[in-house]
Amino acid sequence: MTTETVPSKSTGGGFADLKKMFGGSTSSLRQFGILFSLIAIIVVFQIWTNGTTLSPQNLINVVSQQSYILILAIGMVMVIILGHIDLSVGSVAAFVGIIVAKSMDDWQVPWPVAIGIGLVVGALVGAWQGFWVAYVGVPAFIVTLAGMLIFRGGNQWIGQSTTTPVPPEYSFIGSGYLPELPINVNFNVLTMLLGLVGVGWVFYNEYRLRRQQHQIGVESAPLWVSGVKVVLLSAAILWAAWLFATGRPGTSFPVSGVILLVLVVVYSFLTNRTVFGRHIYAVGGNRMAAALSGVKDRRVDFLVMMNMSVLAAVAGMIYVGRATASGPQDGNGWELDAIAAVFIGGAAVSGGIGTVIGSIIGGLVMAFLNNGLQLIGAGADAIAITKGLVLLLAVAIDVISKRRGGPSIIGIFMRRFENKDGKDDKDKKAVLPETMPAVAPTSVSNESSLPADLPRQ
């Protein structure tokens, strides 16, 4: 019996076209819901604080204060996609921070060499934890909980529970700004050039997307949709760049923000465009199927855990540069903020779903929420309660909308608007195969799911 598939009708025009502006069926609409939530939070606090939220100095402070948390979120989303969790990132950051500070203060090591030492220490710590997770089979929760205690103690032992200062030239990576060029203008030229690079990336990315869709025969969004999307994103980037470029004299876009942007680009490419990135999603989505397909799931576990500690080392070194010293309380609670950013940004609790960009958006939601509450004079208790409720709500929406057999909240919302636009779901006819392949349940164990009679990778 042959199965004939009837192509769905073109859905050009109206709300369906607007939906394509946000990726259509290829993107997570929930992530765009989080983006709209971020915009709403900024607008509300901008009005509430009489324009302070989007002032140049406040934006600079937000980036400087949250860059290391956002860097942790980049690594944490890969860990969570695999179905693991890492509770040690704050302690690892503090451990690396004290080693880097001591190497410069006590051993007179040049700061570039000290940064190299920090990266090596982070890699060794990650290899240690990755070994226990991937090859011994201890759950990542337990391994990193032990690591949280071990490396917090290591920080206090090496630093003798005191602060260790770092030289001013090192502090540039945490508290420095893009330098001024000898050009007589009233804005920072390099910051605006960075904004123009961002605009160029938006144009190129949209052009590449449409070209790839044309090559594989996929229906593209109407040209006007792409145009509106590019114009809106470009305007937002240039406006943000202008705010950063016209701040207080001597300030501009923070160097820590530049490091963050570079890491976002690199890891977005790694997760979306490389074989290793596809393996991460494959293992997180269905470990058994990935292993039977030839994916070395244990190696993926090992490398992702090691990468997380390297990024924790980067975050710790940036924080030490901003604070101009390393102390025994560095990194407290960072792991919770990073995990919250990832889940708010659209990652699934069961693994297999999540993006770097989504995690950054989730981190910015928490950053502007925290910043806005501080600006209006809310106490630490109110801030903690609000952040906890936001995290609970975000995960609850994910669980409810993806519960097997339950309705999709976003799907219902989108269908209502599509029907108002004159597109009835009954018109989208497609003959599906009579039988569907069974889907093995996603494994939440960190052990390899290979059958016992097959060789382990």
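Helix axes here are lines fitted to C-alpha atoms, over the stretch in contact, with angles running from 0 to 180 degrees between N-to-C directions. With that in hand, here's a quick tour. This is a predicted model, so local features need pLDDT of at least 70 and side-chain atom pairs count only at pLDDT 80 or more, while totals for chains, interfaces and linings use all residues. Residues are numbered from 1 along each chain as its sequence is written, and side-chain values use heavy atoms, leaving out hydrogens and water.

**Two helices side by side**
- Helices are DSSP runs (H or I, at least four residues), and strands are too (E, at least two), numbered from the N terminus.
- Helix α3 (residues 56–81) and helix α10 (residues 255–273) have axes that come within 9 Å and cross at roughly 15°.
- That makes α3 and α10 roughly parallel, a label for angles under 35 degrees.

**A nonpolar patch**
- W128, F131, W132, Y135, V136 and I150 make a nonpolar surface patch of about 580 Å².
- Patch members have over 30% relative accessible area and no salt bridge, and nonpolar side chains (Val, Leu, Ile, Met, Phe, Trp, Tyr) are joined within 5 Å.
- The areas come from the Shrake-Rupley method with a 1.4 Å probe.
- Helix α5 (residues 111–136) gives the most to this patch, 5 residues.
- I150 sits in helix α6 (residues 140–159) and is partly exposed, at 46% relative accessibility.
- Here, buried means under 20% relative accessible area, exposed means over 50%, and partly exposed is in between (1.4 Å probe, protein chains only).

**Positive phi in loops**
- Most residues other than glycine have a negative phi.
- N50 has a positive phi, near 60°; it's in the loop between α2 (29–48) and α3 and is exposed at 73%.
- S161 also has a positive phi, about 55°; its loop runs between α6 and β1 (164–165), and S161 is partly exposed at 44%.

**Salt bridges**
- The structure holds 5 salt bridges, each a side-chain nitrogen of Lys or Arg within 4 Å of a carboxyl oxygen of Asp or Glu.
- K102 pairs with D106, their closest N and O atoms 3.3 Å apart; K102 is buried at 15%, and D106 is partly exposed at 42%.
- K229 and E206 meet at 3.3 Å, N to O, linking helix α9 (residues 223–245) to helix α8 (residues 189–215) across 23 residues; K229 and E206 are both buried.
- K387 and D337 meet at 3.6 Å, N to O; K387 is in helix α16 (residues 380–402) and D337 in helix α14 (residues 334–344), so the pair ties together parts 50 residues apart in sequence.

Terms used: Patches are made of residues with over 30% relative accessible area and no salt bridge: like charges are joined within 9 Å, nonpolar side chains (Val, Leu, Ile, Met, Phe, Trp, Tyr) within 5 Å. Angles under 35 degrees count as roughly parallel, over 145 as roughly antiparallel, 65 to 115 as roughly perpendicular and the rest as oblique.
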